[in-house]
Each structure stands twice: as C-alpha cells, then as structure tokens.
Amino acid sequence: MVESFPHDFVLASDGRPPVDVVRATLAPRFTVAPGGRPRTLRLTWLDTFDWRLYEAGLTLQHSVGPRVSEYTLTASDGAQITSAAKGLRWPALADVLPPGPLRARLQPVTGVRALLPIARVSATVSRIRVLNADDKTIAWVAVTGMSLAGPGGKNGTGLPARLSVTAVRGYQAQADRIARCLTVAAGVTPAAASPLDDVLAAAGRHPGDYSSKIDVKLTPEMPARCAMEEVLLRLLDTLEANVPGTIKEIDTEFLHDLRVAVRRTRSGIKLCGDVLPAGAPEEFGGEFKWLGDVTTPIRDLDVYLLSYDQMAAGLQAATPAELDPFHDHLAQSRQVEQRALVRALRSHRFLRLVKAWRKELAAPAPRRGITAAALAADRIRRAHRKVMKRGSAITPDSPPESLHDLRKRCKELRYLLEFFASLHDPAIHGQAVRDLKGLQDCLGEYQDCQVQQHEIRMFAAQMMTERDVPATALLAMGELAGKIARRERRARREFADRFADFASPASRHRFRALTAGAGR
Amino acid sequence: MKILATYNIKGGVGKTSTAVNIGHLAARDGLRVLLWDLDPQGAASFLLRVRPRVKGGGKALIKGRRELDAAIKGTDFDRLDLLPADFTYRNLDLILDSTKKPTERLDRLLRPLADEYDLIVLDCPPSISLLSESVLHAADFLLVPLIPTTLSVRTLDQLSDFIAGFDGHKPQVLAFCSMIDRRKRLHREIAEHLPEERSDVARTVIPALSLIERMSVERAPVTAFAPRSAAARQYAALWAEVTERGL
C-alpha cells in the first residue's frame with residue numbers, strides 16, 4: 001500500500017503564484033526558474049479490476065497532451081519508470097506496451113489481468129526548475145491543478161493543486177533536501193495521499209473496492225441463517241460485478257471469478273441450505289447449476305489458451321508453428337462459446353435468477369436457530385470427515401472417478417473454510433487452508449490433465465471433420481497429448497504423499513481445533 | 001538501441017558540438033538518449049552543466065552496469081542523460097587493455113542499456129587508440145566532422161579502410177563538412193563537391209558560426225537556446241540526414 005508521499009505536497013490557495021512560494025521557500029540555497037509554458041493534459045490512471053497495482057504500491061498514469069503520450073509507473077518509494085507510447089487502447093493486457101522496463105515491471109504484477117482506466121482528470125501542469133550553483137537543473141517541481149472529468153468529458157469537480165518534486169537523475173539527495181525544505185513552507189502541506197487516492201475519493205471510489213475474496217465479518221453468536229445470507233449476498237455481488245467484464249471479454253479472469261462465485265454459491269446452498277428459507281435450495285440450486293454449466297466450455301478453452309504459449313514452446317519433435325491450426329481452432333471455438341455465454345448472461349433467465357436470489361437473501365430472517373459458530377463447526381467437521389474417509393479409501397488401483405469425487409469434496413471443504421474464515425483463529429485457519437491446498441493442487445492437476453486429454457482428442461476429431469487440417473498439426477497435438485499424459489501420471493503418483501500430508505496428525509489436530517464445539 | 005559516435009583523429013573539428021546538438025535533437029524527437037562524454041577534457045559535460053566527475057573514475061565504469069547506472073546524470077532536457085567525463089579517462093586505454101577482449105568491452109558494457117535508452121551518443125577524444133578502436137567496434141553509426149582540407153579527406157579514407165578490415169559488425173560511416181568558412185575558397189569548393197563525389201559524405205554542412213561557439217557561454221545546445229538560428233537549422237538537417245540513412 002502507498003503510505004507516505006515525501007515528495008508530494010498540497011498547495012493552499014492563498015493567491016500567491018506557486019513559483020513564488022517555491023522560490024521563497026528554497027532561497028538562498030537553491031534558485032528557481034520557470035520550466036516552460038503550462039501544459040494541459042488528460043491524465044488517466046490504469047489498474048486491473050482487482051487493483052493489483054494499487055495492492056503492490058504502484059500507480060500507472062497515462063498523460064496525454066499536445067505531442068505527449070507518456071506512461072509513468074510510480075512505486076511507493078517514489079521510483080519512476082516512464083515510457084512514451086501512442087495509440088494504445090484500454091482495457092488491454094500489459095503485453096500491448098512496447099518492450100522495455102515499464103512492461104517488464106508491470107507484467108509480473110498484472111499477470112493475466114487487463115489494465116483498465118480507473119480514474120480520469122484533466123490537469124494543468126506547470127513546471128518549475130530548481131537549479132544548483134552551476135545553474136544546472138537538479139529537480140523539477142510540478143504544480144498540478146486537477147479537475148475530475150465530468151459527464152461527456154467536461155471538467156467537473158476541482159481538486160486542490162499539488163506540488164511534486166522529481167529529482168533529475170543523479171541528483172536524488174538534492175531533491176530530498178528540496179522536499180524537506182517544502183515540508184516546512186507556509187501554505188504547503190505534505191500530501192497525505194497520492195494524487196490517485198485524491199481523485200478516487202473525489203469520484204466516490206475506494207481503492208480495493210473489488211476482491212474475489214469472501215471478506216465478510218461474521219460473529220460466532222449471529223444466527224446461522226444471517227451468516228449464510230451475508231456470505232451468499234457477498235458472492236452474488238462478486239458474480240454481478242464480473243458480468244460486464246465477462247461480456248466485454250476484458251480478460252479471462254472476469255469469467256473465472258464469476259464461475260468461482262457460482263461454484264461457491266452452489267456449495268453454500270448444498271452444504272448449508274437447511275438454514276436458508278424452506279424451498280430456496282431447491283428453487284435456486286438448479287438455476288445456479290445451469291449458470292455454472294453455460295460457463296464451463298469457454299473456461300476449458302481459456303485454460304488451453306492461457307497455457308498455449310508455454311505448451312507450444314515445450315514441444316520437442318514438432319515446431320510451435322505446426323501447432324498454429326490448433327490455436328486457430330481454439331480461438332474460433334472460443335468465439336462461438338463466447339456468443340453463447342453472452343446470450344445466457346443477457347437472458348431473462350439469468351436476470352430473473354440474480355434478481356430473485358437477491359430478494360430471497362435480503363428477506364428478513366428470524367433471529368433464532370443455531371448460531372453461525374455452530375453451523376461452521378458442524379459443516380466443516382462433516383466435510384473434513386468425508387474427505388478423510390474417501391481419500392483413505394483411494395489406492396493405486398482406484399479409478400480416476402474416485403479422485404475426481406475427492407477433488408469435489410475438497411473444494412466443498414475449502415469453500416466452507418472460506419465462508420467462515422472470520423470466525424476462526426487466523427493462524428490455525430491459514431495453516432489448515434495450506435494443508436488442504438497442497439492436496440487440492442495435486443488433485444486439480446490430475447483432473448485438469450484428464451479433461452485436457454479428453455478434449456485434445458475431441459478437438460482433433462472436430463478439426464478433421466470441419467477443415468483440411470495438416471497432418472503436422474495433428475502430430476504436434478499428439479505430442480501435446482503425450483506431455484499431458486506424463487503430467488497426469490506424475491500427479492497420480494504424487495497423490496499418496498499429498499494425502500498423507502493432509503491426513504497427518506498435525507493437520508487433523510488443526511481441523512479439530514477449528515471444529516471444536518460441533519456435535520460428534 | 002543504436003549507438004552513434006562522433007569521431008575524428010583530429011581535435012577541434014566540432015565533435016563535441018555535434019554530439020551535444022544531435023543528442024538534444026534526438027531527445028526532442030522523443031528518443032531516450034544517453035550521451036557519454038569520453039573526452040577527459042569534459043567539454044560536453046561542461047556544455048550540459050554537469051561536473052566532470054565519476055565516482056571510482058573510468059576504472060569503475062568499465063567494470064559493469066551498476067557503476068555505469070550510478071554515474072549517469074540527467075541534463076536540463078527531457079530524455080537526454082549524460083555520462084560525464086572524468087579526468088581518469090585519460091587512462092582508459094590502459095584500463096581497457098587490462099580487460100579481456102578490450103575492443104569488445106565498450107559494446108558489451110553499453111548493450112544492456114537498451115531497455116533504458118533508444119540512442120547512445122559517444123563523444124570521443126581525438127586520438128587513435130584502443131579506446132577509439134573499441135568505440136568503432138561498438139558504434140552502429142559513425143559521424144565524422146571534417147574540416148574541408150585535402151588532408152582531412154585522406155584521413156577519412158584511412159578510417160574507412162580501417163573499418164572495412166573489421167570482422168562482423170561494422171559501423172556505417174557518415175562524414176560531414178564542419179566549421180566551413182565561406183570566405184575560404186578551398187572550404188567552399190570541397191564542401192560543394194565532396195558530397196557529390198562520395199556517398200559517405202553528408203549533403204549538410206555545419207558552418208563556422210559564432211553562435212555555435214556561444215554554446216560554451218550559454219552552456220546549452222544551440223538547438224535549445226537558439227532553436228530558430230541558422231546553426232540550429234543545420235544541425236537539424238544533419239540529424240534528419242542521419243535518420244534518413246537508417247540510424
């Protein structure tokens with residue numbers, strides 16, 4: 001998180017020209033000179049939908065003006081990377097930026113998430129040079145007046161003018177001294193927040209206002225029904241927040257988060273539906289299954305496409321170019337599935353589902369029945385027992401279905417842990433989740449490989465019937481299938497160790513601590 | 001990233017003025033430029049108001065990227081940075097000689113800067129030395145100011161022959177007539193005919209103008225303090241010709 005802004009200041013509007021304020025403050029140590037004519041710029045801040053840059057203490061600003069189109073990435077310590085680039089359209093992945101340090105710094109943080117505009121202002125920027133004894137510029141003081149872009153791009157709310165000190169490369173120590181001088185200047189207040197924070201606050205937005213995590217605060221004594229309604233409402237908010245991004249195909253994570261919200265909702269209804277109003281699980285369970293099902297084909301294609309470059313680069317006998325028809329097939333199939341998904345998300349059935357579900361969850365709940373703590377302990381204990389029982393029964397000869405079933409039971413346990421996280425000791429909860437995650441990763445890899453094995457055969461058959469597919473493409477796909485099969489066998493071999501870790505006395509002790517108080 | 005060097009065996013021919021003005025014009029065009037003042041006299045550093053001092057001297061710089069990064073100074077101009085001169089550069093030959101493959105050392109040192117800069121301008125000291133050989137190997141483009149005399153043309157031939165003997169990478173050579181004194185008939189004749197006779201000589205000439213000499217008083221590129229002057233226009237034409245030729 002960005003916490004302090006040692007080189008940023010807010011300027012009081014006492015009528016004095018900013019250059020006079022700076023000159024009076026820095027004399028006689030430094031002299032100042034105007035740094036050219038003021039420029040009018042449009043400033044846009046970019047971040048991912050889930051605020052990955054903000055969480056990493058980074059801000060990415062795009063400045064556009066006459067003969068200027070520049071991206072500036074600022075870290076919490078004030079370090080900056082700039083890159084000039086024109087004609088980029090957002091939202092887009094950081095990959096669209098020209099190669100260089102900016103892209104290299106952004107890509108590991110943003111990953112598969114697209115950058116999208118989160119705030120826009122129009123700004124007037126005047127620059128003041130700060131000079132040393134050789135009349136050499138050693139720092140720039142920028143005076144920025146901002147006004148929030150109003151409807152239709154017109155200027156709206158004005159924000160207090162800001163001063164910011166930027167060192168010329170190689171003169172950081174002097175710039176730090178200049179900033180220290182300004183800290184005690186009359187009419188200048190050290191900034192408590194970044195320009196982005198000010199702009200977001202003025203626009204009524206909160207950084208980090210989206211997270212796919214179930215960040216509800218439950219209390220042990222609250223009625224179980226109220227607790228579940230709070231959890232399920234939070235999941236519904238997440239689901240709805242991801243619909244526009246899924247329809248517009250901004251990035252693949254919108255659909256992923258939407259699907260996770262649907263799966264968690266289905267598990268919540270299945271595992272804790274008895275505390276919800278009578279009839280609700282039956283009425284809504286099937287509808288959420290439908291919603292989950294319509295999102296599955298496209299997600300499967302996304303999984304292939306997201307790992308495509310890595311898969312193609314790992315080919316030994318075939319060349320990546322020979323796999324191109326497979327990529328084309330995946331991309332075309334995705335377009336078809338996307339159209340079907342958009343139809344479903346715009347359908348009356350979907351709109352009715354979310355509206356009715358919200359109404360159901362918002363209905364006043366009777367304040368009786370078991371408590372949230374009792375529900376959490378009981379359901380986690382049962383789910384844990386189920387995982388232990390089914391996992392213990394798996395031998396090297398067990399069919400794949402048994403591992404698939406165990407994977408689903410593990411997911412249910414994981415979702416229950418997430419629903420009731422706020423009721424648990426964070427240290428024990430965190431370790432219990434890690435215990436489970438080790439097993440889930442192994443089962444997930446095994447299941448993904450199984451699905452991909454099946455699908456690659458299906459894709460090959462489709463490609464042969466739909467078009468004149470070169471033999472080299474099928475051979476390359478065969479090589480991919482071989483690689484997937486090796487991964488699958490490795491995951492199957494690792495299962496026994498992963499399950500043994502999960503079933504260890506220490507792990508069982510942790511789950512006992514989490515479920516203390518539940519009836520045996 | 002491209003590396004451009006201003007080079008001539010002779011001194012006082014306009015190498016530093018060219019390096020500073022070309023660097024400024026490239027930065028003004030949006031390129032991220034680093035100018036390395038390799039001349040221990042530090043004229044380019046003086047013109048850009050940077051003290052000619054590098055911590056650890058030339059020896060530290062030749063060692064690696066970290067030392068190089070720490071020594072770079074921003075100038076008064078956006079996107080134009082300077083690696084200042086240092087008096088120890090007078091020993092750069094000896095320092096290079098103590099490294100493995102000394103003629104490749106400069107190139108290996110500069111190439112990793114590609115993620116930060118689009119253009120590196122090397123302002124070379126007047127000499128034939130291990131340093132200048134290392135510069136010739138690193139450069140993609142060699143800009144050679146020529147005083148229009150018969151002897152200067154002969155020197156250009158020697159330089160071209162020397163580069164032709166390189167294995168692998170060879171810089172593109174572009175000479176131009178510098179410090180032309182219109183009152184001198186020989187200057188006028190050579191400046192007129194040389195570009196017609198030789199493809200490695202630019203059409204643009206840089207006249208001997210008092211405004212260019214004034215750079216040392218203003219301590220700034222003429223393209224910055226007198227951007228509409230004849231001198232600035234000639235440097236702009238030279239920069240345009242350099243880019244036309246594929247820099």
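Mentor: Chain B holds an open sheet of eight strands with mixed pairing, in the order β3-β4-β2-β5-β1-β6-β7-β8. Its edge strands are β3 (73–74) and β8, each pairing on one side only. Helices (H or I, at least four residues) and strands (E, at least two) are DSSP runs, numbered from the N terminus. Strands pair if DSSP finds at least two bridges between them.

The model is predicted: local features need pLDDT of at least 70, side-chain atom pairs count only at pLDDT 80 or more, and totals for chains, interfaces and linings use all residues. Residues are numbered from 1 along each chain as its sequence is written, while chains are lettered from A and ligands numbered from 1 in the order in which they are written.

Now the β8 end. β7(B) and β8(B) pair in the parallel sense over four bridges. B:Ile180 has B:Pro207 as its bridge partner in β8(B).

Next, helix α9 of chain B, residues 185–197. Its 13 residues reach 18 Å from first C-alpha to last, close to the 18 Å expected at 1.5 Å a residue. That expected span is 1.5 Å times one less than the number of residues.

Four residues of α9(B) are buried: B:His187, B:Ile190, B:Ala191 and B:Leu194. Buried means 20 or more other C-beta atoms within 10 Å of the residue's own, with C-beta atoms placed from the backbone. An α-helix has 3.6 residues a turn, so residues three or four places apart point the same way.

The cover over these buried residues includes α8 (150–164), β7 (172–180) and β8 (201–207) of chain B.

Definitions and conventions: A residue is buried if 20 or more other C-beta atoms lie within 10 Å of its own, exposed if 12 or fewer, and partly exposed in between; C-beta atoms are placed from the backbone. Two residues are in contact if their C-beta atoms, placed from the backbone, lie within 7 Å.
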